[in-house]
Amino acid sequence: MTGAATISGPERERIAAALAEIACAAGEILRRYHRGPCPHALKPDGSPSSAADVEAEDLIVDALAGRFPGIAVVAEERAQGDTARPADLFFLVDPLDGTRDFLAGTPDYSVNIALVSGARPVAAALAAPGLGRVWWAGPATLEGPVIAGRPGVGRPVRARPVPESGLVALGSRRHGDPETATCLAALPVAETRQVGSALKFGLIAAGEADIYVRCGPTMEWDTAAGDHIVAAAGGCVVVPGGGPIRYGQHGPDHRNGPFAALGDPTLAPRLALPARATVRPTAPLSAAHP
């Protein structure tokens, strides 16, 4: 692979296709555990980690090392307590986004892999094994079915302009907060759907929804792949002030602040995101439900 500043459009397409292959393969591991016995425990930050997370991450990290040797990987399960600042070119990996939904037996979970160059993602894949869908993006976003653990033929997808009938907003089942409700109240929202994990980014990129606001804390590996997939489909992901999320800039905890994913970038000036993420108590695993 060439350096961070010289990754061409065709090369980004090839990287994205490879990431889609890896994400779908990891998704097969998750499918084997889904709705069956899956040992799990809470990490120090209160979030769950399961045997499915660890096994899928091992597959992804090994596959990335084989296909893209020499590029650093920041992966959720092995990034805890890592104080090293990422290089200018690195992968961000979430092997199982939406672990609580996954453990509760719902299909709204995803595999997220993004290549970051100079603080922004340039190629990404987001697989939704429970729904049999996968999105990947270099310069443009494609969606395909997952067939026997591999991506099928991709078709271009585009985010949609604001519908005359009003916005479809996507919310998290487990992460609602008053700040998000306030942001959405200022917009013409006609419908709100509860969807788990980074799947929300894929739905916005596919033109099936319009906005996802998150004012509570997230991690860089939660958002990088979906961020690029939305942006390459014609939408945007913005932080307070209207700029993009910058990756590898947030210190050793890899934590994001508030953001909004928008299908139509003209919505950005109408948002009033709070300056800092709101920390909410983490529900115990025993309370997990769709």
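Exposed, as applied to residues in these legends, means over 50% relative accessible area, buried means under 20%, and partly exposed lies in between. The structure shown is a predicted model.

**Figure 1. Salt bridge between Arg-32 and Glu-55**. Arg-32 has a relative accessible area of 58% and is therefore exposed. The closest N and O atoms of Arg-32 and Glu-55 are 3.2 Å apart. Arg-32 belongs to helix H1 and Glu-55 to helix H2 (residues 51-67), so the contact ties together parts that are 23 residues apart in sequence. The structure as a whole holds 11 salt bridges.

**Figure 2. Salt bridge between Arg-150 and Glu-21**. The two side chains meet at 2.7 Å, N to O. This pair links distant parts of the chain, with Arg-150 in strand E9 (residues 150-151) and Glu-21 in helix H1 (residues 9-33), 129 residues apart. Glu-21 is partly exposed, its relative accessible area being 22%.

**Figure 3. Salt bridge between Glu-208 and Arg-133, and the network around it**. The side chains of Glu-208 and Arg-133 come together at 2.6 Å, N to O. Glu-208 is located in the loop between helix H5 (199-205) and strand E13 (211-214), and Arg-133 in strand E7 (residues 133-137), so the pair ties together parts that are 75 residues apart in sequence. Glu-208 counts as partly exposed at 31% relative accessibility, whereas Arg-133, at 17%, counts as buried. Through salt bridges that share partners, Arg-133, Glu-143, Arg-155 and Glu-208 are joined into one network.

**Figure 4. Strand E13 and the strands paired with it**. Ile-211 and Val-213 point one way from E13, while Tyr-212 and Arg-214 point the other way; all are buried. E13 pairs with strand E11 (residues 167-171) in the parallel sense over 2 bridges. Within this pairing, Ile-211 of E13 is the bridge partner of Ala-169. With strand E17 (residues 259-262), E13 pairs in the antiparallel sense over 4 bridges. Here Phe-259 of E17 is the bridge partner of Arg-214.

**Figure 5. Cysteine residues Cys-215, Cys-183 and Cys-236**. A search of the whole structure finds 0 disulfides. The cysteine sulfur closest to that of Cys-215 belongs to Cys-183 and is 4.3 Å away, which is too far for a bond, because a disulfide requires the two sulfur atoms to lie within 2.5 Å. Cys-215 is buried, at 0% relative accessibility. Cys-236 is also buried, with a relative accessible area of 15%.

**Figure 6. Two alanine residues with positive phi, Ala-119 and Ala-148**. Ala-119 has a positive phi of about 80 degrees although it is not a glycine. This residue occupies the loop between strand E5 (110-117) and strand E6 (120-128). At 4% relative accessibility, Ala-119 counts as buried. Ala-148, likewise a residue other than glycine, has a positive phi near 50 degrees. Its position is in the loop between strand E8 (141-147) and E9. With 77% relative accessibility, Ala-148 counts as exposed.

Key
Residues numbered from 1 in each chain as written. Predicted model: local features only at pLDDT ≥ 70, side-chain atom pairs only at ≥ 80, totals over all residues. Heavy atoms only, no water. Salt bridge = Lys/Arg side-chain N within 4 Å of Asp/Glu carboxyl O. Buried < 20%, exposed > 50% of the residue type's maximum accessible area, 1.4 Å probe, protein only. Pairing = 2+ DSSP bridges.
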